[in-house]
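The following exercises concern one protein model. Please study the sequence and the structure before reading each worked solution.

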Amino acid sequence: MNNIRAVVTNIEGNVQLHRISLDAGGEHFVVITLELADEYSIGADVHITFKSTHVALAKEMSGEVSISNRIPCRVVSVKKSPILTEVLLDSRAGRFYCLTTTAAAERLDLREGDLVTALMKASDLYLSRVADQADTAGTNTVNKE
């Protein structure tokens with residue numbers, strides 16, 4: 001699972017559905033959630049967690065898309081296997097992984113150093129509170145799935 005530190009900047013919604021805006025190192029993220037605990041408020045330190053399989057990549061993207069989270073990244077590494085390719089990405093928000101098909105990686109001709117846009121649906125991201133003071137000093141973490 002990918003794990004990125006962020007700060008809640010805005011909360012919209014009602015009792016059942018919320019749209020949460022976040023800042024992670026200057027990158028804007030949006031999370032849609034059905035439940036929101038009282039501990040989540042504007043200014044709260046949180047972790048944005050998401051699966052590497054929920055990250056799509058675009059190269060030289062132009063035009064509009066309906067996906068809220070469009071994060072500019074640089075490709076750090078590309079590890080291909082016959083079916084799947086693991087791509088490590090670096091952004092202002094931190095490093096995280098994308099797991100895509102090898103066919104897609106080859107179609108994009110992904111290479112180390114390439115500039116890409118990581119795309120993540122707001123409903124594919126999850127929030128958790130930063131647990132304690134020691135955790136607030138940490139950096140973003142990524143774990144292979």
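**Exercise 1.** How many aromatic pairs does the structure hold?

*Solution.* The model is a predicted one, in which local features need pLDDT of at least 70, side-chain atom pairs count only at pLDDT 80 or more, and totals for chains, interfaces and linings use all residues. Residues are numbered from 1 along each chain as its sequence is written, and side-chain values use heavy atoms, with hydrogens and water left out.

Step 1. Rings of Phe, Tyr and Trp (its six-membered ring) pair if their centres lie within 6.5 Å; planes under 30 degrees apart count as stacked, over 60 as edge-to-face and the rest as tilted. The structure holds 1 aromatic pair.

Step 2. The ring centres of phenylalanine 50 and phenylalanine 96 are 5.5 Å apart and the planes stand at 75 degrees, so this pair is edge-to-face.

Step 3. Because phenylalanine 50 belongs to strand 4 and phenylalanine 96 to strand 8, the pair ties together parts that are 46 residues apart in sequence. Strands (E, at least two residues) are DSSP runs, numbered from the N terminus.

Step 4. Both phenylalanine 50 and phenylalanine 96 are buried; buried means under 20% relative accessible area, exposed over 50%, and partly exposed in between (1.4 Å probe, protein chains only).

**Exercise 2.** Determine where isoleucine 20 lies and whether this residue is buried or exposed.

*Solution.* Step 1. Isoleucine 20 is placed in strand 2.

Step 2. Its relative accessible area is 1%, so isoleucine 20 is buried.

Step 3. Contact means heavy atoms within 4.5 Å. Not counting residues up to four places away in sequence, isoleucine 20 touches several residues, including Val8, Phe29 and Leu127.

Step 4. The C-alpha atoms of isoleucine 20 and threonine 9 are separated by 7.6 Å, and these residues are 11 residues apart along the chain.

**Exercise 3.** Describe the position and surroundings of alanine 44.

*Solution.* Step 1. The loop between strand 3 and strand 4 contains alanine 44.

Step 2. With a relative accessible area of 4%, alanine 44 is buried.

Step 3. Leaving aside neighbours within four places in sequence, alanine 44 is in contact with Ala6, Val7, Val8, Glu39 and Arg129.

**Exercise 4.** Which members of the largest nonpolar core touch the most other members?

*Solution.* Step 1. A nonpolar core is a set of buried Ala, Val, Leu, Ile, Met, Phe, Trp, Tyr and Cys residues joined through side-chain atoms within 4.5 Å.

Step 2. Among the 29 residues of the largest such core, Phe29 and Leu89 touch the most other members.

Note on methods
Helix = DSSP H or I, 4+ residues; strand = E, 2+ residues; numbered from the N terminus.
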